Amino acid sequence: MIDLTNKTALVTGAGGGIGAATAKVLAENGADVVITDIVDSIEQVAADVENRGGAALAHEMDVTDEAAVDDVVEAAQTEFGSIDILANVAGIFPTHTLEEMTKDDWRTVIDINLNGTFNCTSAVYPVMKEQGGGRIVNISSAAGGQIGWSGDLSHYAASKGGVLGFTRSAALDLASDGISINAIIPGLIDTGAPQAVATEEELEAGIQMTPVGRMGEPEEVANAVAFLGSDAASYVTGAALVVDGGYTKV
């Protein structure tokens, strides 16, 4: 079992999917969790965290709102005294071909998926530096450089590729402060998002291309977050951990 006892984690996009699973898995491993999102379901996730033995603090937070991010970081410090783990999970997964994509479509995806990751990392960095270290885990995607995935996801692919580049470079900046920063590259994960944008035939084709023969579960990504957020991963930084059932190896 990964031991996160006496650790505090801040999870973005924790209202559902990978974010909610991450909050719960971190709590199961001993962490207290600050649960953030823009949806009301964060209250239920907070209750689930507490049922798993962790203390929970739910805050509505838009990762594109720098002032709101700063306020939540301050509230987390006040409540728990530290922020040991930041899981940047918040993201959106819309589909637009390049022909139909508007500039606002592009900006919205980049602002949430990439700029949001920067905003939260930037806000938490001084806290982690002052306390002598911390762990940051970013969620990228197989669409961010490993595969083409789809012709209607160029904004999404750019944002997730940017997360990978940011992670690799920031690792060099943060290492001397005892802060690790890593990325996870999920494949086809059963969060409801793939079903919302793909046809049944497209989903089946994706499953057929996955060597393990199924979609991944959000908890399987969350387990990777817990590992990278723990002391067991103390010598890992700037890495990209692929959690895709072998999809990108085909």
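## Glycine 30 and its contacts

Leaving aside residues up to four places away in sequence, glycine 30 touches Leu4, Thr5 and Asn6. The model is a predicted one. Glycine 30 sits in the loop between helix 1 and strand 2 (32-37). Its relative accessibility is 30%, so glycine 30 counts as partly exposed.

Glycine 30 and glutamate 50 are 20 residues apart in sequence. In space, they are 11 Å apart, C-alpha to C-alpha.

## Helix 1 against helix 8

Helix 1 covers residues 17-28, and helix 8 covers residues 218-228. Their axes come within 8 Å and cross at roughly 55 degrees.

Which residues in helix 1 and helix 8 meet? Helix 1 brings Gly17, Ile18, Ala21, Thr22, Val25 and Leu26. Helix 8 brings Pro218, Glu219, Val221, Ala222, Asn223, Val225 and Ala226. By class, this contact has nine nonpolar, three polar and one charged residues.

## The buried residues of helix 8

Helix 8 has buried residues: Pro218, Val221, Ala222, Ala224, Val225, Ala226 and Leu228. What do the buried residues of helix 8 pack against? One partner is helix 1. The others are strand 4, strand 5 (134-139), strand 6 (179-186) and strand 7 (240-243).

## Helix 4 beside helix 5

Another helix pair lies elsewhere in the chain. Helix 4 takes in residues 103-131, and helix 5 takes in residues 154-174. The axes come within 8 Å and cross at roughly 20 degrees. Angles under 35 degrees count as roughly parallel, so helix 4 and helix 5 are roughly parallel to each other. Their crossing is right-handed.

On the helix 4 side, the residues in contact are Asp105, Trp106, Val109, Ile110, Asn113, Leu114, Thr117, Phe118, Thr121 and Tyr125. On the helix 5 side, they are Ser154, His155, Tyr156, Ala158, Ser159, Lys160, Gly162, Val163, Phe166 and Leu174. By class, the contact has 11 nonpolar, seven polar and two charged residues.

## Two aromatic pairs

How many aromatic pairs are there? The count comes to two. Phenylalanine 93 and tyrosine 156 have ring centres 4.8 Å apart and planes at 85 degrees, so this pair is edge-to-face. Phenylalanine 93 lies in the loop between strand 4 (85-88) and helix 4, while tyrosine 156 lies in helix 5, so the pair ties together parts that are 63 residues apart in sequence. Are these residues buried or exposed? Both phenylalanine 93 and tyrosine 156 are buried.

Phenylalanine 118 and phenylalanine 166 also form an edge-to-face pair. Here the distance is 6.3 Å centre to centre, with 80 degrees between the planes. Phenylalanine 118 is in helix 4 and phenylalanine 166 is in helix 5. The two are 48 residues apart, and their pair links distant parts of the chain. Phenylalanine 118 has 45% relative accessibility, so it counts as partly exposed. Phenylalanine 166 is partly exposed too, with a relative accessible area of 21%. Buried would mean under 20%.

Note on methods
Residues numbered from 1 in each chain as written. Predicted model: local features only at pLDDT ≥ 70, side-chain atom pairs only at ≥ 80, totals over all residues. Heavy atoms only, no water. Axes fitted to C-alpha atoms, helices over the stretch in contact; angles between N-to-C directions. Helix = DSSP H or I, 4+ residues; strand = E, 2+ residues; numbered from the N terminus. Parallel < 35°, antiparallel > 145°, perpendicular 65-115°, else oblique. Left-handed = near helix turned anticlockwise from the far one by under 90°. Contact = heavy atoms within 4.5 Å. Nonpolar A, V, L, I, M, F, W, Y, C, P; charged D, E, K, R; others polar. Phe/Tyr/Trp six-rings, centres within 6.5 Å; stacked < 30°, edge-to-face > 60°. Buried < 20%, exposed > 50% of the residue type's maximum accessible area, 1.4 Å probe, protein only.
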